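Okay, thanks everyone, let's get going.

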Amino acid sequence: MQKSVIKTALISLLPLSLFSCWNNFGSQTQEKKLPEISILLSSDTASPLSGARVNEVKQAIRAYTQTDAEFFFITRDIYDHQIAEVLENPADMPMIMYFPKLSYDVADAAKNGAFWDLSDFLSDTEKFPNLSKIKHSVAQSLSVEGSLIGIPRAEDIGLYGLSYRKDWAEKLGLEEPKTAEDVYNMLYEFTNSDPDGNGKNDTYGLSLSKDELPLDIIQSWFGCGNGWIEVNGALAPVHQTQEYLSALNFIKQLNYEHLIISDWPNRSSTTWKNQIIDGRAGVFIGKLDDARQISDQFATKNIRSVVDYKKYAEMVLVGAINGKTSADIGYDGFIAITHTAKTRAQVEACLHFLDKMNDPEMMILATYGIKDFNYLIDDEGFLLDIDVGNPEIAKCYSGLSKTLTYTPNLLRQITPRMKISEREIEEEKVITRNAQYAVMNPASAYLASSNTYAKYHIELDRMIDVARTQYIIGELSESMLSAEYNRWYERGGKDVIAEVNSLYKVRKH
């Protein structure tokens, strides 16, 4: 595929004046010769970085980063497909590329030398004071055959955990749960002790649907890890551990005692939060943001506390149980430097640009645009986003947020920031605290590099998920469950384990 083919995908997105070869930026007369880079990003809109005052945005970026950056965009709906074509022709790549995830195609391109190993570069705290602060545990998940191929666009890892209805617990005299036994006791009481005080046996403990996330989180409480776990110096899928079976037996007991609604395996995940909002269940296990939104809905729908009618019902966000919870992967896409950057100096120019874009001034520009045009600052010093619902004036900076890696600061950690509710402030505190208990998946990068997993992951993952549910609801005995694991092993699981551990040993040595 030639560069002209790539440009065809971009032609509808950018003004013709922007087009040139990825590295041919010398045609314009400039007052000062600056390092030149090219960058390919995804966009939610059809014409990003355009319209009124776009030149002002570009000049601000140029002046602040001291870099001549040429931006190219592909719309999000075709990004994965188009990127696959770009990867087939490494010589045609821009210097900087955004990727939504570490897919097999990306990992394969990395193994074939498409991207620079950034490990040594990002250890330089003087040159790259922002990027050098990436979380090591997150960066590991973007390592291919020992090379760090991308800079993660950081997000919180402590996003998942348990929450519960505060008023129901207060009515029944229950303390915040800290252990799995505490959770069981709360679910039992919420089911059997009339927590809403209506005199009817119409509540149950745990909100659940066919979504797999709550089961994954509960498993982590029992010490079996997150997807995979290190055992005796090797990586193993968690279903091979005794701790995993202990977790399944715990959930199976909850199901047997009807502490969960009986048809949960067939319920759409759209009903998940509603089971709490409608007053049928009292414990939610999933994203802490979803739990906070349940509290918001209590206020919106005028759902009052059963112990104090003057107050709205609300959720208590707990997070970890037994000192553990599943971790989120820790990034929302990543940014790679391709070998179109021919020299270390060009790589450092790319990294310098990205590092400067993570200074607060550029983060605000890339996220909210121009002061007094796209946003205002109110009397309290909070940011008011005034172009929401007006994509035409937002075009001047749209798409730029994909250049941000949020290192070392997430957006909420810089000022000015948008004003948020007390419930949102509490959510942020719990998520931050939860990070220390969040268990990462140590195999995520290796799975992306596994040929067998790339081919069969949908089937293999589904086999484990279905067997887990069938065991919990009593359709499979323990011996039948083991037989399903053996079937998984023979259908490709054995090869996945071997491939993952081959890559893991390379990193360790």
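I'll go through some ring pairs, then a cluster, then charges over rings. Keep in mind that this is a predicted model.

So, how many aromatic pairs does the structure hold? There are 14 of them. Let's take Y244 and Y485, whose ring centres are 6.4 Å apart. Their planes sit at 65°, and anything over 60 degrees counts as edge-to-face, so that's what we call this pair. Now find the two residues on the chain: Y244 is in helix α9, which covers residues 242-256, while Y485 is in helix α18, residues 478-508. That's 241 residues apart, so to speak a link between distant parts of the chain. Buried or exposed, these two? Y244 is buried, and Y485 is too.

Next up, W272 and F284. Here the ring centres are 5.0 Å apart and the planes are at 35°, so this pair is tilted. W272 lies in the loop between α9 and α10, and F284 belongs to strand β11, residues 281-287, so the pair ties together parts that are 12 residues apart in sequence. Again, both W272 and F284 are buried.

Then there's a cluster to look for. Which residues form it together with F99? They're F115, Y331 and F334, and the four make one aromatic cluster.

R53 lies over the face of F373, 4.9 Å from the ring centre. And over at Y98, the charged end of K402 sits above the ring, at 5.6 Å from its centre.

Technical notes. Residues are numbered from 1 along each chain as its sequence is written. This is a predicted model: local features need pLDDT of at least 70, side-chain atom pairs count only at pLDDT 80 or more; totals for chains, interfaces and linings use all residues. Side-chain values use heavy atoms; hydrogens and water are left out. Rings of Phe, Tyr and Trp (its six-membered ring) pair if their centres lie within 6.5 Å; planes under 30 degrees apart count as stacked, over 60 as edge-to-face and the rest as tilted. Helices (H or I, at least four residues) and strands (E, at least two) are DSSP runs, numbered from the N terminus. Buried means under 20% relative accessible area, exposed over 50%, partly exposed in between (1.4 Å probe, protein chains only). A charge sits over a ring if NZ of Lys or CZ of Arg is within 6 Å of the ring centre and within 35 degrees of the ring normal.
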